[in-house]
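Subject: Structure handover

Hello,

Here is the structure you asked about. Please open it next to this message and follow along.

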Amino acid sequence: MKRNIKLLIFFICFILFIGQSYAAQSFEEKKKDIIALYNSNNLEEAYNMISRITEDERDYELWYLLGNISQDMDNDTNASFFLQKSILMKPDFDKAHYNLANIYMKEGRYNSAAREYKLAIKYKKDFAYYYYNLGCAYLKLNEYRYARSAFKKAINLKKDEADFYYNLAYTYQKLDNEKEMKKALDTYNKLKEKEEA
């Protein structure tokens, strides 16, 4: 009798383990399908698939995708909420900080945008556009020395992006540094000519 009970308990545990493994596997498969839908621009279908997954089951990447989809559908209020949920689950997720900062820029919340860009940079120091957009936020805040520093860091990471030099030239103009402004503008013009050739 004791042996049968032990066998029954083992069998129940085994079934529970298999069930949990299957559920985890099916979640990963669902996630792959959602990402494939998103990447193929089937935004509504991807959104609907995520919506069928309970909030407790969603990971930071699904919240991030919901944020991106909402941004793509011009719903920045929802996008902001979803990106914040992603950040709560994974505070060092640079992409969520960056996208949230972009929403803040669009809304004219430049201090909040600068804070989020700095967090994105904290977690990924080698992406030029994080620095560039931080520089743009500083321009909006009339913090020209900080903007100059951010644009220079962006240029150090990506020397062939014309817009970086254009904004650096504008920053030098605001700092009354005509010599450096002209140098940056010359580089901008050369890069633009190269693009058009």
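Q71 sits in helix α3, which spans residues 60-72. Which residues does Q71 touch, once those up to four places away in sequence are set aside? They are D76, A79, L83, N99 and I103. Take I103 from that list. Q71 and I103 are 32 residues apart in sequence, yet their C-alpha atoms are 8.3 Å apart in space.

Before going on, a word on confidence. This is a predicted model. The mean pLDDT of the protein is 90. Of its residues, 87% reach 70 or more. Residues 21-25 need care: their pLDDT is below 50. Beyond near neighbours in sequence, that stretch has zero contacts in the model.

**The cores**

The largest nonpolar core holds 42 residues. Y117, L134 and F151 touch the most other members. Several helices each supply at least two residues of this core: α4 (76-89), α5 (94-107), α6 (110-123), α7 (128-140), α8 (144-157), α9 (162-174) and α10 (178-196). Which helix gives the largest share? That is α7, with nine residues.

Look at Y117 in detail. Leave aside its neighbours within four places in sequence.

**Helix α2**

Helix α2 covers residues 43-51. Its residues L43, A46, M49 and I50 are buried. Why do these four count as lying on the same side of α2? They cover an arc of only 130 degrees around the axis, so they share one side of the helix.

**Salt bridges**

The count of salt bridges comes to 12. Three of them are worth a look.

Are the two partners buried or exposed? E61 is partly exposed, at a relative accessible area of 29%. K31 is at 8%, which means that K31 counts as buried.

The next pair is E178 and K182. Their side chains meet in a salt bridge, with 3.2 Å from N to O. Both are in helix α10, four residues apart, so about one helical turn separates them. K182 is partly exposed, with a relative accessible area of 44%.

Now K183 and E180. Their closest N and O atoms are 3.5 Å apart. Both lie in helix α10 as well, three residues apart, about one turn of the helix. K183 is partly exposed at 46% relative accessibility. E180 is partly exposed at 22%. Salt bridges can also share partners: K31, D59 and E61 are joined into one network that way.

**N167**

Next, go to helix α9 and find N167. Is N167 buried or exposed? N167 has a relative accessible area of 13%, and the cut-off for buried is under 20%, so N167 is buried. Which residue does its side chain join in a polar contact of 3.1 Å? The partner is Y132. Leaving aside neighbours within four places in sequence, N167 is in contact with Y132, C136, L139 and F151. You have met F151 already: it is one of the residues that touch the most other members of the largest core.

**L141**

Last, a loop residue. L141 lies in the loop between α7 and α8. L141 is partly exposed, with a relative accessible area of 24%. Not counting residues up to four places away in sequence, L141 touches Y110, N111 and A114. L141 and A114 are 27 residues apart in sequence. From C-alpha to C-alpha, they are 9.3 Å apart in space.

Over to you.

Best wishes

How values were computed. Residues numbered from 1 in each chain as written. Predicted model: local features only at pLDDT ≥ 70, side-chain atom pairs only at ≥ 80, totals over all residues. Heavy atoms only, no water. Core = buried A, V, L, I, M, F, W, Y, C linked by side-chain atoms within 4.5 Å. Buried < 20%, exposed > 50% of the residue type's maximum accessible area, 1.4 Å probe, protein only. Contact = heavy atoms within 4.5 Å. Arc of directions from axis to C-beta. Salt bridge = Lys/Arg side-chain N within 4 Å of Asp/Glu carboxyl O. pLDDT = per-residue confidence, 0-100. Polar contact = N/O pair within 3.5 Å; in protein donor to acceptor, adjacent residues only side chain to side chain.
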